[in-house]
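The following note sets out points for a colleague who is reading this model alongside its sequence.

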Amino acid sequence: MKYISRELDLKSELKTKSVLLLGPRRTGKSQLIKHELKPDFIYDLLKADVFRELSAQPNLIRERLGKKNQLVVIDEIQKLPLLMDEVHSIIEDLNCRFLLTGSSARKLKRTHTGLMAGRARIKQLFPFVYPEIKNNGFSLDKILSFGTLPPVFLSEDPWNELKDYAGTYLKEEILNEAIVRRIDNFSRFLEIAALTNGQVLNFESVGSDAQVPARTVREYYAVLVDTLMGYMLEPIRSTKKRKSSATAKFYFFDVGVVNSLTGRKNILRKTKEYGDNLEHFVFLELQAYKFYKQPELNLSFWGVPQKGEIDFILNEEIAIEVKATHQAAKKHFHGFELFSKNNNVKRKILVCLEQYPRKVNDIEIMPVADFLENLWNEQIIPD
């Protein structure tokens, strides 16, 4: 399968410090290591023999190290959290760097916060992002149907590659790790969470549809975040007059995964689903940009019930709306007008399907590709 270079530069990070690399399954962590790094040792904890060996004798990692500066990879570290103590000790004692990878931060956050807080940089790998694929088969329609997980994006049969993802996640991350008591309840919740992806959260409503209490729904969303299946987008808190939405939105980590959970195989233009998925895709690009380029970026949204909303607010001063329209008109500017009345806005950007960029008063209308180019070239957020 073709390898596409990734935007995350691990090689530079590892020159000075160990790294904990988190990312959902199938985002390409193993391929990145194979093609872009040259580790001295790789321990894959998904392999039964490796797991048994290191669970019985964690000290083997130390004993195999030479005196020279070496790079050690431990894949899927969350499978054996006790190794974190050995890694911590080796980092303190020897001239050695570790790359620890994981598809869940749940156990690590609870048991080894010291290492995560200071001994290793925490990085996250996303599915493919725009600068990686813009010259490698980028198609907006295809992405909004199947997402950008590397094996799905590169497959000639992306739907079949994608459709078993939820089952694999439930088995390997939830069932095997005994994270929840009732897998049937969590499975129902997962489907409802996909159907309400990108909407302001209503725990009571989701709980009613999934047949579980609202408090359990809150716990389940925390599981999704901890197992890297998605992100909470909080409402802006500093609006001066109008009260914004009180609860967050939840977005899954990949557009295609949502489609597989809801059984939506092909997303057609001029449908509500296309517009929802376009907004979702732009959010994921913003989130990846934040993690890769500008960790201090504040990403939020604004909305007043029954009044209007702004999809994304950057640093509380850049308002971004996403509309799947080929012809932006005044009706698409309503959210900007409401938000601007009580907030200082430096830029107003409407991301849409128009062919060429243009400007209407102080509103910048940007085709999707133009917006993504400007974002990744660091031209969206002013100094």
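1. Two strands are taken to pair if DSSP finds at least two bridges between them. By that criterion, β1 and strand β5 (residues 120–124) are paired, in the parallel sense and over five bridges. Within this pairing, S18 stands opposite A120 in β5. Please keep in mind throughout that this is a predicted model.

2. Strand β1 also has a partner in strand β4 (residues 96–102): the two run parallel and are joined by four bridges. Here L20 is the residue that stands opposite L100 in β4.

3. How many of the five residues of β1 are buried? The strand, residues 18–22, is mostly covered, with five of its five residues buried. In a regular strand, side chains alternate between the two faces of the sheet. In β1 both faces are covered: S18, L20 and L22 are buried on one side, and V19 and L21 are buried on the other.

4. A separate region of the model contains an open sheet of six strands with mixed pairing, in the order β8-β9-β10-β11-β13-β12. Its edge strands, each pairing on one side only, are β8 (299–304) and β12 (358–360). On average, neighbouring strands of this sheet are turned by 30 degrees against each other, direction ignored.

5. Inside that sheet, strand β9 (residues 308–314) pairs with strand β10 (residues 318–322) in the antiparallel sense, over three bridges. L314 stands opposite I318 in β10.

6. Which helices lie across β9? Helix α17 (residues 272–292) lies across β8, β9, β10 and β11 (347–352), and runs at about 25 degrees to β9. Helix α18 (residues 334–341) lies across β8, β9, β10, β11 and β13 (363–367), and runs at about 70 degrees to β9.

7. Nonpolar side chains tend to be buried together in soluble globular proteins. In this model the largest nonpolar core has 90 residues, and F186, L224 and F371 have the most contacts inside it. Helix α17 supplies the largest share of this core, with ten residues. Apart from this core lies another, of 23 residues, with L20, I61, V72 and I90 among them.

8. Leaving aside neighbours within four places in sequence, L224 is in contact with Y169, F186, F189, L190, A193, M229, G230, F250 and F252. One of these, F186, is itself named with L224 among the residues with the most contacts inside the largest core.

Definitions and conventions
Residues numbered from 1 in each chain as written. Predicted model: local features only at pLDDT ≥ 70, side-chain atom pairs only at ≥ 80, totals over all residues. Heavy atoms only, no water. Axes fitted to C-alpha atoms, helices over the stretch in contact; angles between N-to-C directions. Contact = heavy atoms within 4.5 Å. Core = buried A, V, L, I, M, F, W, Y, C linked by side-chain atoms within 4.5 Å. Buried < 20%, exposed > 50% of the residue type's maximum accessible area, 1.4 Å probe, protein only.
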